[in-house]
Each structure stands twice: as C-alpha cells, then as structure tokens.
Amino acid sequence: MAKLVVVLGDQLSPALASLQKIGPDDIILLAEVAEEASYVKHHKHKIILIFSAMRHFAATLQQQGKQVCYLEYNKSASIRSMTDAVAYALQQHCGIQEIVITQCGEYRLQQTINSWPQKFAIPVTQLDDDRFICSLAQFSHWTEGKKQLRMEYFYRDMRRHTGLLMENGQPLGGKWNYDAENRKACPSNTTPIMPLQFSCDDITDTVKRLVQQQFADHMGSVDNFSYAVTGKDARQAFLHFVAQQLPQFGDYQDAMLLDKPFLFHSICSVYLNCGLLDVRWMCNKVVAAYHNGDVPLNAAEGFIRQLIGWREYVRGLYWLLMPNYAEHNQLNAQRNLPKFYWHGKTQMRCMQQAISSTIEHAYSHHIQRLMITGNFALLAGLSVKQVTDWYLAVYADAYEWVELPNTLGMALFADGGVLASKPYAASGAYINKMSNYCKNCAYKVKQTTSDDACPLNALYWHFLHRNRESLATNPRMALTYANWQRRNDEDKAAILAKAELTLLRLEQL
Ligand code: DLZ
C-alpha cells in the first residue's frame, strides 16, 4: 500500500517519525508554498534557510533511492498551500492510499492537516514528533493536579527522566540550576568567538536569487546569508560551539556588548528548530564536554536547561493551551508597533543593537529578545498580536510553538502569569548593568524626566502604575510597588507625564 509522506520545512531530520519504514512505492512530498512562506513576512534569511535546507534534504533522500516529489516555489502556480501540494501529489502518483505526516509545529497548519481526511477521502496518519524528548501526552500528564506550571519543576523531572548531568539520582554539583552563575556582565574589550559561518553552494545561490525576486520587501538582505543548510554543516557548527564558545557561554549567557551580537551564543536554535540538529545528540555532546573537563558546570547546565527544560516546556504549554493561548492580552496592550522595529533606526542604542542584529542575521540572542525588544514592548504596551507576529517573522528559529509562549507569555506577560511568575519589566538600569550599550547611547540612563532621559525609566514606572490593578497584588512585585509608593506625589506626576509624552512620541525615539 503506497503512502504519501508529507515532510514540512521544519521537519528536515533523517530520524523524523514519518520517514521511518519508507517502502519502495512510497512518495515523500516536500513543497515550497506561498502560504507557508508568507503567513507572516518572514525574514529573507529564514526563507533562504528553509528552502535551501529543504532542497538539500530532498537531494539526500533521492540519493538514498527514495522517491521524492519536490515542488519548488512558484508564485504564479496554482499550488499555494500544503493542501494544494498534497492534492497535486495525489493526482500525479496514482495508487496512494494513505497520507502520513509527523505532527506539525503550528496550530494554524495543524487545523488544515486535520481537514485532510475529509478532503482527500483517504486515511491520514499523524505521528508524534519524537524529536522532542517529552511527548505531548507526557507533558499533559505532568500538568495534572498542578496549580502552577513552573518550568523549574518540569526541568528537574526532565533531568531525572533523561539522567543528563545526574549522579545517583541527584543533580551533578549538588544544585539543579546555576542560573545565578549565568549573569555576569562581559568586559567591553572581550573578543567573542564567532559562530561558524558557511559559504553558499549552487543550491543556496539559486534560492537566494528566488528570494530576492519574490520576497524583496521582506526584512534583511540575501547577500550576507551564511547559515548552514545541511545536517552535516549544522553539526559542525554545533561542535565548534561546544569546543570554542561553550566554555564562556555559561558566564556571559545574559550579557550584551555593542556590535557583538552573538557573544558566546551558539545560534544553533536556528538549526535545531528546522530539524537539522537532534536535541539528544546536542545534549550528549555538551555533557561529554563537561565530563572531559572542557566546560564548566554552569555552562553545561545552562545550555542543557535551555534544551531539555525551557524548549520542551514551552512546546508542551503551547499545545496544551492553544488555541485560546494566542488570544490572551491580560494587560490590554494595544499600541501600534513603532516602525523602528522594522528598520532599526532609533536613538535608543539598546533597541538599535537588538534590531540591527535582527535585520542583519535574522537572529538576536535571548536577552536581547526578552529584555530589549520584549521589555520595550511590555513597557510601552505594544499590541500583543503585532509583537508576536513580528517575532514570528523576523527570527530564523521562530515557529509558533516556541515563539508564542516566549513572546506572549514570557516577554509580554499577556497570559497573566501562566509562564512567568512576574513580568520581566526593567528600567534602563538593568540594561546598563548587563551591557555597554548605555555608555554609547544618546539618552542618559541615570535620568528619568529630563529631555535626554532614557525612555525606559519613565516607561517602567508608567507600566507599573497603569497596571497596578493586575500586578500590585503579586507578592513578587511587592517591593517594586513599595518603591513607587515611597516617591512623593510631585515626582510621581513628573515621571508619569514624561512617560505619557514618550508614548505619544514613540516613533521619534
Ligand atoms: C517557515 C516556512 C517557510 C518560510 N516556508 C515553508 C514552505 O514553503 N514549505 C514548508 O513545508 N514549510 C515552510 N515553512 C515551515 C512551516 O511554516 C512549518 O512547518 C509550519 O509552520 C509548522 O511549524
């Protein structure tokens, strides 16, 4: 019985559940389609990465003797969606009696796939995505009876379950979490070790021309694309990270430096999230480096926490809480996203740095996303929908399962505390502590109400003041609100007036 095995652009893993047990008559379908390429305005690098990686992946499958139906992007063609692509493949290849797909990463597309049995009148088998360590059933089981779904406790269970960095049932080094040792500021004269970059082969060059023609008005330039597009190169990039960058990653995980967008970050989420890297393989490499004495525990644990803790946790939450999760807007944030989120031209050095790295590389690291662009959006009350769409579009590693909880829940606190126990709101002082941006900024980080004051300072207090009904009863916010209350009325009025003015002039910042 011949099957049509549909492989999506973020499922480029040889170990993908649906690619096991392929028979000689089975057809593997990969399709570059307008609907996937434009449901948000994806950064050019993201489209190049996915199309080129899809083409390389398909070529490897063909070299292995498998039958592949590959549909290249054609804007004018009638095949515009994955459903169109499946219809076309079924028409071209008679005798297919079943469609097989591994569960997809976005609710939007999952709904479409759920309509296929009726539409095509053949069985559609959806397999669990076992590239994740925690199945959705296991995650759902973990949530049972819990009032709060905190990542830390999920992470500890994942450590116990995988045995990673464990000894006799206890965490190595005696502590579960070395977060407090991941927050050093980085000296300005540090020379970080760059992630590996790759030159483009003929396939990528062809895709770059296509993207330049068809997606010219999307963020970024095709000229400086340098991501890996094969599993082999992605693994090389990761091994380079483990050997060269990871030793210092632990200390400087949260640090930011002017014009050094990567610091010691791996950027391998870009590869992991489209399937070019395997999470278990990555974890084993990190743990081996620790046992060999090549990396300190705070680095190994910090990285493992991201992989088996945070990443698996947000994916579980996403599928547990969708579709309602996307509708949350607890703090009623409605303001339009300023245009500088798209072009990066702002006098705020921190925002300029985070956005220019986004434009250049379709990447910025987690603290830039959470504490710079995310924090600004939180303080200014920017529209949750516009902000989440922006993150989904501009980052090469962004798919909704990972992007939505991180943005809506973690950065914007729009879920009212499902994900985070308090909002990650910060004034300029935090950015000054963790970066050298403020020393290179037109605004004065120590000022709050003067004309040249850092806009974040007044916005910070305005955020707390305007959301006091939602937030002041949160025990973790008590000290912050007490600090606000201690100020005299005149000071408070001046700060709030300054913030109101700033909000009126967001576009001019
Ligand atoms: C992100 C993306 C893009 C830009 N293009 C395609 C495509 O043309 N074909 C495809 O199969 N997948 C693409 N993707 C990834 C999908 O959007 C992704 O698989 C779903 O959103 C589920 O996570």
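A pocket here is an open set of points on a 1 Å grid over the protein atoms alone, with protein on both sides within 12 Å along at least five of seven lines, and a volume is the space filled by probe spheres set on the points. The model is predicted, and within it the second largest pocket has a volume of about 360 Å³.

**The pocket and its lining**

- The lining of the second largest pocket is made up of 19 residues, and those that lie nearest its centre are Ala 326, Lys 385, Thr 388, Asp 389 and Glu 400.
- At least two lining residues come from each of α4 (107–114), α16 (384–394) and α17 (400–411), with α16 giving the largest share, five residues.
- Sorted by class, this lining holds nine nonpolar, seven charged and three polar residues.

- Strand β2 (residues 27–31) is largely enclosed by the rest of the structure, because five of its five residues are buried.
- The side facing one way from β2 carries Ile 27, Leu 29 and Ala 31, while Ile 28 and Leu 30 point the other way, and all of these are buried.
- Strand β1 (residues 2–6) pairs with β2 in the parallel sense over three bridges, and Leu 4 has Ile 27 of β2 as its bridge partner.
- Strand β3 (residues 67–71) also runs parallel to β2, to which it is joined by five bridges, and in this pairing Ile 27 stands opposite Gln 67 of β3.

Definitions and conventions: Residues numbered from 1 in each chain as written. Predicted model: local features only at pLDDT ≥ 70, side-chain atom pairs only at ≥ 80, totals over all residues. Heavy atoms only, no water. Buried < 20%, exposed > 50% of the residue type's maximum accessible area, 1.4 Å probe, protein only. Helix = DSSP H or I, 4+ residues; strand = E, 2+ residues; numbered from the N terminus. Pairing = 2+ DSSP bridges. 1 Å grid on protein atoms, 1.4 Å probe; cavity = no way out; pocket = protein on both sides within 12 Å on 5 of 7 lines; lining within 4 Å. Nonpolar A, V, L, I, M, F, W, Y, C, P; charged D, E, K, R; others polar.
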